[in-house]
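Subject: Structure handover and findings

Dear colleague,

Please find the structure below, together with its sequence.

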Amino acid sequence: MRPTDHLRDRAGEDWTAATTHAFTQALADGSLPLEKMRWYLAQDYQFIGGFVRLLASAIAHAPSLADSVPAAQFLAVITGPENTYFLRSFEALGMDEAAIAAPPAPETKAFQDLMAEAAASGSYEKMLAVLVVAEWVYLSWAAPVHPPRDGLPFWFAEWITLHAGEGFESVVEYLRSQLDQRWDRLDAAARAETEHLFLRAVKLERAFWDAAWAAG
């Protein structure tokens with residue numbers, strides 16, 4: 001079994017809840033109330049800064065140039081097409097500056113703090129643990145509903161296409177492979193610390209989806 005499969009299995013119910021959530025199911029079938037989507041977008045947009053810093057830290061700690069290139073290419077997607085998607089969605093959904101800059105919810109702040117902790121750790125495997133969860137959870141819910149159903153507004157459809165398909169699958173596979181390779185070199189204490197961070201990240205992903213579903 002791959003180490004990342006082991007970690008996913010250890011997450012158990014939290015993983016299942018985070019990847020089969022009522023929020024993403026409603027997003028995929030177009031029934032998600034717009035007030036929930038507005039809340040979600042405003043909160044999720046607040047992750048970009050911390051995610052970019054975490055990904056950049058992982059690039060800096062990658063063992064070789066070859067190991068860092070896919071992450072650097074993914075960084076361009078986050079700061080390019082994904083950032084543009086948010087800006088277009090804010091405008092289309094009539095969100096003013098106050099709505100976009102809403103204070104972070106407790107669940108948002110908790111995941112921001114986790115990303116900052118991983119970025120500051122100096123540990124490549126800890127950075128990867130959080131990155132793998134953040135992207136693998138999204139692939140896991142988006143892949144079964146890709147391609148999006150006809151007629152979905154772009155703020156639903158493009159959020160699915162950004163997190164599914166061959167390109168995004170390759171990103172998740174790259175991140176998983178990096179963590180798998182690193183895992184084999186870790187002692188028992190380092191493995192325990194990395195697993196703990198992975199499980200915390202999954203639990204926080206679930207909590208964020210719960211908060212988004214309860215919003216509005």
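A salt bridge is taken here as a side-chain nitrogen of Lys or Arg within 4 Å of a carboxyl oxygen of Asp or Glu. By this rule the count comes to 14 salt bridges.

The model is predicted, so local features need pLDDT of at least 70 and side-chain atom pairs count only at pLDDT 80 or more, whereas totals for chains, interfaces and linings use all residues. Residues are numbered from 1 along each chain as its sequence is written, and side-chain values use heavy atoms, with hydrogens and water left out.

Helices α1 and α11

Helices (H or I, at least four residues) are DSSP runs, numbered from the N terminus. Axes are lines fitted to C-alpha atoms, for helices over the stretch in contact, and angles run from 0 to 180 degrees between N-to-C directions. The axes of helix α1 (residues 3–19) and helix α11 (residues 188–214) come within 9 Å and cross at roughly 10 degrees. That makes α1 roughly parallel to α11; angles under 35 degrees count as roughly parallel, over 145 as roughly antiparallel, 65 to 115 as roughly perpendicular and the rest as oblique.

Contact means heavy atoms within 4.5 Å. On the α1 side, the residues that meet α11 include Leu7, Arg10, Glu13 and Trp15, and their counterparts in α11 include Glu195, Phe198, Val202 and Arg206. By class, the contact of α1 with α11 has nine nonpolar, one polar and eight charged residues. In this classification Ala, Val, Leu, Ile, Met, Phe, Trp, Tyr, Cys and Pro count as nonpolar, Asp, Glu, Lys and Arg as charged, and the others, Gly among them, as polar.

Buried means under 20% relative accessible area, exposed over 50%, and partly exposed in between (1.4 Å probe, protein chains only). Glu195 and Arg10 meet through their side chains in a salt bridge (2.9 Å, N to O). The pair links distant parts of the chain, with Glu195 in helix α11 and Arg10 in helix α1, 185 residues apart. Glu195 counts as buried because its relative accessibility is 14%, while Arg10, at 45%, counts as partly exposed.

A salt bridge also joins the side chains of Arg206 and Glu13 (3.5 Å, N to O). Arg206 lies in helix α11 and Glu13 in helix α1, so this pair ties together parts that are 193 residues apart in sequence. Arg206 counts as partly exposed at 22% relative accessibility, and Glu13 as exposed at 60%.

Elsewhere, Arg88 forms a salt bridge with Glu158, the closest N and O atoms being 2.8 Å apart. Because Arg88 lies in helix α5 (residues 65–92) and Glu158 in helix α9 (residues 154–161), the pair ties together parts that are 70 residues apart in sequence. Arg88 is partly exposed at 34% relative accessibility, and Glu158 is partly exposed with a relative accessible area of 26%. Salt bridges that share partners join Asp5, Arg8, Asp9 and Arg176 into one network.

The nonpolar core

A nonpolar core is a set of buried Ala, Val, Leu, Ile, Met, Phe, Trp, Tyr and Cys residues joined through side-chain atoms within 4.5 Å. The largest such core has 72 residues, and those with the most contacts inside it are Leu27, Met37, Tyr40, Phe111 and Phe198. Helix α8 (residues 124–142) gives the most to this core, with 15 residues. Not counting residues up to four places away in sequence, Met37 touches Phe23, Leu27, Leu32, Tyr85, Leu93, Trp155 and Phe156.

Trp155 and Phe156 are among the buried residues of α9. The buried residues of α9 pack against α2 (22–29), α3 (34–45), α5 and α8. In α2, the buried residues are Phe23, Thr24, Ala26, Leu27 and Ala28, and they pack against α3, α8, α9 and α11. Just after α2, Gly30 takes a positive phi of about 85 degrees.

Ser89 is found in helix α5 and counts as buried at 0% relative accessibility. Its contacts, not counting residues up to four places away in sequence, are with Leu41, Phe154 and Trp155.

Helices α3 and α11

The axes of α3 and α11 come within 8 Å and cross at roughly 140 degrees, which makes α3 oblique to α11. The residues of their contact divide into eight nonpolar, one polar and two charged.

Yours sincerely

Note on methods
Helix = DSSP H or I, 4+ residues; strand = E, 2+ residues; numbered from the N terminus.
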